[in-house]
Amino acid sequence: MTGSAGRRRWIRPTAIAGAALAALVVVMAVRTALMGRPQVVTALMAPQLASDVQLAARRLGEAIRLRTIGGPDGGDPMSFEALREWLIDRYPAFHAVATRTVLDGGTLVYEWPGRDAAASPIVLMAHQDVVPEVDAEAWTHPPFSGAIADGRIWGRGAIDNKGSLVAMLEAAETLAALGARPPRTVYFVFGHDEETRGAGAAAAAAWLERRGVRALLVLDEGSIAVSDHPVTRGPVALVGISEKGYATVRVTARAEGGHASAPPAGTAVAQLAHALDAILARPFPKRYDGATRAMLEALAPDAPLAARVAIANAWLLRPLLLSQLGATPQGAAMLHTTMAPTMLAGSSRENVLATEASAWINLRIAPGDTVEGVMRHLQESVQDLPVTLELVGEARDPSVISRVDDAAYRMVAGAARAVFGIPVAPAPVIAATDSRSMGRVSASIYRFQPVLLPVAGTSMIHGIDEHLSIEALEKMIRFYGALMVDEGGATASSASTSAPTMR
Ligand SMILES: [Zn+2]
């Protein structure tokens with residue numbers, strides 16, 4: 001009897017737990033099943049603009065040969081002047097219909113008036129400057145050769161970012177030569193110092209704002225299409241909808257100096273080490289929200305079942321998602337504000353005590369955090385340790401997160417879908433782009449360069465053997481051309497292959 005009663009008492013909670021578990025599984029399964037594509041991305045018409053892509057490839061090679069290296073130890077400043085003159089020379093039909101303005105030491109702004117002066121314009125961005133070559137000996141073709149071989153254009157800037165600049169102007173030149181006018185005004189902003197300061201783009205944003213330009217959308221580099229996304233293991237065009245903020249904090253400890261043979265209890269270097277320990281022991285919390293969440297939700301339909309279940313049930317499985325996504329440094333960077341100690345300074349001699357020891361921590365601030373909040377967090381981390389914290393150099397809050405449910409996103413996503421025929425998803429951008437200055441011009445800022453690469457292939461950007469295939473250049477031209485002739489969604493059709501209406 002007691003045994004049986006005992007079993008009943010034991011069975012009942014088990015049965016309840018079992019029923020609850022079953023209900024939970026049903027809820028999770030239903031949520032997983034119900035999670036469809038968050039939006040329909042219509043494939044816009046992508047006009048066949050790359051009539052002579054071999055010629056376009058040779059032009060990109062010429063642009064690469066103009067060594068527009070940015071920064072203080074950059075190349076010949078005349079190279080920027082040469083590039084600007086080269087553009088005028090190579091794209092005459094476009095220059096006949098667009099007005100050209102040179103700003104702040106070399107940033108270019110072109111205005112190509114549209115048919116409807118009342119329609120909100122679009123802003124297409126690329127940059128003229130490139131980073132210096134690394135390890136020139138290791139390149140298959142010299143970094144500034146612009147060589148065309150194996151169906152590819154080789155050299156620094158082939159992707160970052162002369163590929164975009166040339167593709168935009170190839171599309172515009174072809175349209176202008178046909179006598180076509182874009183339905184809405186198109187501005188082109190070609191920064192000259194993206195890789196270093198971004199002052200040119202800031203000047204361009206101010207210039208546009210002074211003219212009252214309120215753009216339907218701004219498109220810059222920042223993200224690409226990858227052929228092997230870690231979540232779906234397949235191709236996906238990632239349209240950047242947010243960008244991290246930036247700050248560098250100098251942590252300084254001060255102490256009595258003197259000879260290293262008779263050190264006091266607390267030296268400046270030791271105090272600095274304690275402070276760094278305290279700061280790094282309190283990382284910023286990882287969050288599953290914003291652009292990262294939007295990306296995962298858009299990818300879910302193409303993801304393996306386990307990932308789909310986790311994404312659909314983030315309310316329950318958030319810790320699992322955070323640990324899976326945060327397993328790599330790149331993944332973790334999408335989830336929170338990162339801290340990277342980069343520089344150190346102490347005494348200049350091995351046997352001299354430092355009176356001042358400093359460390360510089362470079363922070364990339366996730367949307368949702370602010371420069372002010374980040375400083376508060378660091379101050380709380382060091383508490384009453386005898387160090388000072390100060391912001392050095394430029395500090396900026398993260399971008400706003402652009403919407404994915406409006407006409408502007410549909411234009412960009414639709415063009416990507418039309419050209420690549422692969423899934424399109426919004427994504428966070430963890431690096432900085434010139435578009436960060438454009439918040440005053442548009443609320444819809446997208447960071448997407450229409451080039452398809454395996455994730456591992458992106459290391460050539462700023463690395464060795466940067467190149468772009470001629471086939472990829474052709475797709476870029478079609479993508480930018482599609483945006484220029486887009487009527488704003490009204491004429492979009494997934495099946496349409498007819499020529500765009502142009503006058
Ligand atoms: Zn770039």
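1. Domain 1 and domain 3 bury about 1,000 Å² between them, and carbon and sulfur atoms give 82% of that area. Buried area here is the accessible area (1.4 Å probe) that two parts lose on being put together, summed over both. On the domain 1 side, Val231, Thr232 and Pro428 supply 43% of the area buried against domain 3, more than any other three residues.

2. A word on the model: it is predicted, so local features need pLDDT of at least 70 and side-chain atom pairs count only at pLDDT 80 or more, while totals for chains, interfaces and linings use all residues. Residues are numbered from 1 along each chain as its sequence is written, and side-chain values use heavy atoms, with hydrogens and water left out.

3. By an automatic or database domain assignment, domain 1 covers 53-241 + 400-485 and domain 3 covers 286-332. The centres of these two domains, taken over C-alpha atoms, are 30 Å apart.

4. Which residues meet? In domain 1, 15 residues are in contact with 12 residues of domain 3, contact meaning heavy atoms within 4.5 Å.

5. How many salt bridges cross the interface of domain 1 and domain 3? The rule (a side-chain nitrogen of Lys or Arg within 4 Å of a carboxyl oxygen of Asp or Glu) finds zero.

6. Strand 16 (424-429) and strand 9 (236-243) each supply at least two residues of the domain 1 side; strands are DSSP runs (E, at least two residues), numbered from the N terminus. Strand 16 gives the most, with five residues.

Notes. Helix = DSSP H or I, 4+ residues; strand = E, 2+ residues; numbered from the N terminus.
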